[in-house]
Amino acid sequence: MSTTSLDLDHLRKWIGRAHESTDHITAQMVRGLRATYFLDIGDPKNGDAAPMSIHWCLAPQVAPMSEIGPDGHPARGGFLPPVPLPRRMWAGGKTDFKDDLRVGDDVKKVSKIVDVQLKTGSTGTLCFVTLDHSFSTSRGEAIFERQDVVYRDNPPPGGNTTSTSAAATTAPKAKYSKTLKADPVLLFRYSALTFNGHRIHYDRPYVTQVEGYPGLIVHGPLQASLLMEYAIALRGKKPTTFTHRGVSPLFDGADFTVNANETASGLELWTANDKGQPTMKASAAW
C-alpha cells in the first residue's frame, strides 16, 4: 500500500482525542509481574512499590469478543484512528517517572492522540500514531509517557520478515549482560497480565501463515520492562527517565540477552537475539 492510498487528512482528525480510564493495583498483579520479570516474587503488601513498568498493565482497552479484529486487537476506528494497514506494533517511547505506583493505589490513566504521520521505509508504508499517557494517583501524577505505535503492511510472499538494516547490525560489546529464555509461557503470561489479545504473541499458525513471521514475537513492552529492571539491578535505584525503541522483532524459541553499558547520564541498554543482533535499544537516566 502506498502512502497516497492512505487518507492522512482523515486519520489526523483523531489528533486531540482523549480517553480516561481507571485501574487498581493489587498484590496479585504485582506478584504476577515480578514472576514474569524473573524477579523474587516476595509477599507484596499495601503501600509497597510496584515494578516501575506496571503502568503498561493498567487500564487496557476491554472490548467485547464481537468487536475483536482479525489480529486479536480491538477493531480499528474507536479511540485509535482506523489505519488500514494490517500489522500494528509498539515502536517505542519515552517515560518520565515522578512517583512510585504502589499496591493498593487507584490509578487514573488519561490517554491522548497527539500526532499521526506517514513514512516510507524499507518495508513499505509506515503509519506512526503518537500518544501521550498520564498515570495519576491520589498523590498526583506518577508517570508520563509518550508512546509511538506503528502500522505497516504484511510482507509479500517469501519477503523478509525483519528489518534488513537491523539484521545486519551487531550490538556493541556489553560490559553487563544476562541471558534469558524466550518461550511461549513467558509470552502468554505477559499477554495475560496486560490483557493483550494480539495473536502474534501466542498464535503460531496466525503469526507464521498470516503475518509471515518465523515465530511468536516477544512483546516490545516486555523487552523494555526487562531492560528497565536490569538497569535498576545494576544501579541499585530507579531511573527518572527511560527511553526505548524497537529495531527488529525478537522471536521465541531461543535464548536472548539483556545488555548494558555505562554512559555519562546513566546506562545504554539493549536486548539482542541469539545471533547477537539488537532487537530493542533503550537508555536510562538518573
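Modeller: Two residues are in contact when they have heavy atoms within 4.5 Å. The model is predicted, so local features need pLDDT of at least 70 and side-chain atom pairs count only at pLDDT 80 or more, whereas totals for chains, interfaces and linings use all residues. Residues are numbered from 1 along each chain as its sequence is written, and side-chain values use heavy atoms, with hydrogens and water left out.

A nonpolar core is a set of buried Ala, Val, Leu, Ile, Met, Phe, Trp, Tyr and Cys residues joined through side-chain atoms within 4.5 Å. Buried means under 20% relative accessible area, exposed over 50%, and partly exposed in between, with a 1.4 Å probe and protein chains only. In soluble globular proteins, nonpolar side chains tend to be buried together.

The largest nonpolar core has 50 residues, of which I25, I54, L101, F242 and L269 touch the most other members. Among the elements that each supply at least two residues of this core are α2 (27-36), β5 (140-152) and α6 (220-235); helices (H or I, at least four residues) and strands (E, at least two) are DSSP runs, numbered from the N terminus. Helix α6 gives the most to this core, with eight residues.

Leaving aside its neighbours within four places in sequence, I25 is in contact with V30, A50, I54, L58, L101, R102, V103, G104, D105 and V107. A second, separate core of 13 residues includes L6, L11, V83 and V116.
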